[in-house]
Every structure is written in structure tokens, then in C-alpha cells.
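Here are my notes on the model, in numbered points. Please read them with the coordinates open.

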Amino acid sequence: MDLLLLNNGYRVLPPGWRGMRLLYERAVRLTRILCNMGIKVVETHPRSALKSSGCRNIYELVGKLSLPARTGLTRDEEDALIASIVAMEYARGEAVSFKAPDGEIFLLKPLCG
């Protein structure tokens with residue numbers, strides 16, 4: 001999956017890095033919990049999703065979608081908001097899918113520019 005995103009111009013960190021491995025393991029646990037509760041889980045990469053939207057920043061993105069957002073968000077808050085927007089667009093049938101043998105990641109269609 002990472003190679004597919006890299007080949008399409010999106011920057012992703014190597015999954016072998018310790019921090020990325022821990023993040024991945026936490027995501028797997030959370031996904032299992034949510035799926036057991038009957039909740040659909042959609043995988044995304046927030047910074048790649050922002051890039052695919054064509055928007056310069058999170059504030060341009062939320063403005064384009066007429067969503068409220070306070071200023072001064074932390075990087076983690078921005079990533080959570082972008083991931084939520086991807087899930088919203090997925091539910092509307094408007095997300096872009098990147099499929100590979102090891103999974104599927106959803107990004108945003110061009111919305112800005």
C-alpha cells in the first residue's frame with residue numbers, strides 16, 4: 001500500500017519505523033474493537049488526503065465544505081479532522097480509493113484550486 005501511495009506522489013513514513021509500528025499496532029487493536037461493535041472502519045492517511053483535496057491547509061478544506069473549525073488546531077487535531085472528513089466523504093460515496101493486495105486507503109477528491 002505504501003509503495004502505491006509513494007508512486008502516486010504521497011509521502012508516507014516507513015512502516016518499519018518504531019513509532020509507525022506502534023501506531024499501526026494501536027490502529028489494529030482499535031479497528032478490531034470498532035469492527036466487533038459493528039462500526040465500519042475506513043483507513044486513510046490524513047496528510048495525503050489533504051494533498052489529494054488540492055487545498056493548501058485544513059482551514060481551506062473545511063471552508064470549502066462549509067464545516068465549522070476553530071483556529072489554532074494542533075497537528076493531531078488537524079489529522080483527526082481530516083480523517084473525519086475522509087470518512088464523511090466515503091459515506092457519501094465521494095472518497096478516492098487506492099487498493100493494493102495489503103489493503104485499501106481512502107483519500108479526498110480534488111475540492112480546492
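1. Contact here means heavy atoms within 4.5 Å. On that basis, the buried residues of helix 5 pack against helix 3 (46–53), helix 4 (58–64), strand 1 (95–100) and strand 2 (103–108). Keep in mind that this is a predicted model.

2. Start with the geometry of helix 5. It covers residues 75–91, 17 residues in all. From first C-alpha to last, helix 5 reaches 24 Å, close to the 24 Å expected at 1.5 Å a residue.

3. Which residues of helix 5 are buried? They are Glu-78, Asp-79, Ile-82, Ile-85, Val-86 and Glu-89. These residues sit on the same side of helix 5, because they cover an arc of only 120° around the axis.

4. Turned away from the buried side of helix 5, it carries the exposed residues Asp-76 and Ala-91.

5. Is Glu-78 buried or exposed? Glu-78 counts as buried because its relative accessibility is 14%, and the cut-off for buried is under 20%. Leaving aside residues up to four places away in sequence, Glu-78 touches Arg-47, Ile-58, Tyr-59 and Leu-73.

6. Just after the helix, Gly-93 takes a positive phi of about 80°.

7. Then the strands. Strand 1 and strand 2 run antiparallel, and six bridges join them. Ser-97 has its bridge partner in strand 2, namely Phe-106.

8. How many aromatic pairs does the structure hold? There is one. Tyr-90 and Phe-106 form this pair, with 4.8 Å centre to centre and 70° between the planes. The pair is edge-to-face, because planes over 60 degrees apart count as such. It links distant parts of the chain: Tyr-90 lies in helix 5 and Phe-106 in strand 2, 16 residues apart.

9. Check the accessibility of both partners. Tyr-90 has a relative accessible area of 29%, so it is partly exposed. Phe-106 has a relative accessible area of 11%, so it is buried.

10. Strand 2 is among the elements that the buried residues of helix 5 pack against.

Conventions: Residues numbered from 1 in each chain as written. Predicted model: local features only at pLDDT ≥ 70, side-chain atom pairs only at ≥ 80, totals over all residues. Heavy atoms only, no water. Helix = DSSP H or I, 4+ residues; strand = E, 2+ residues; numbered from the N terminus. Expected span 1.5 Å × (residues − 1). Buried < 20%, exposed > 50% of the residue type's maximum accessible area, 1.4 Å probe, protein only. Arc of directions from axis to C-beta. Pairing = 2+ DSSP bridges. Phe/Tyr/Trp six-rings, centres within 6.5 Å; stacked < 30°, edge-to-face > 60°.
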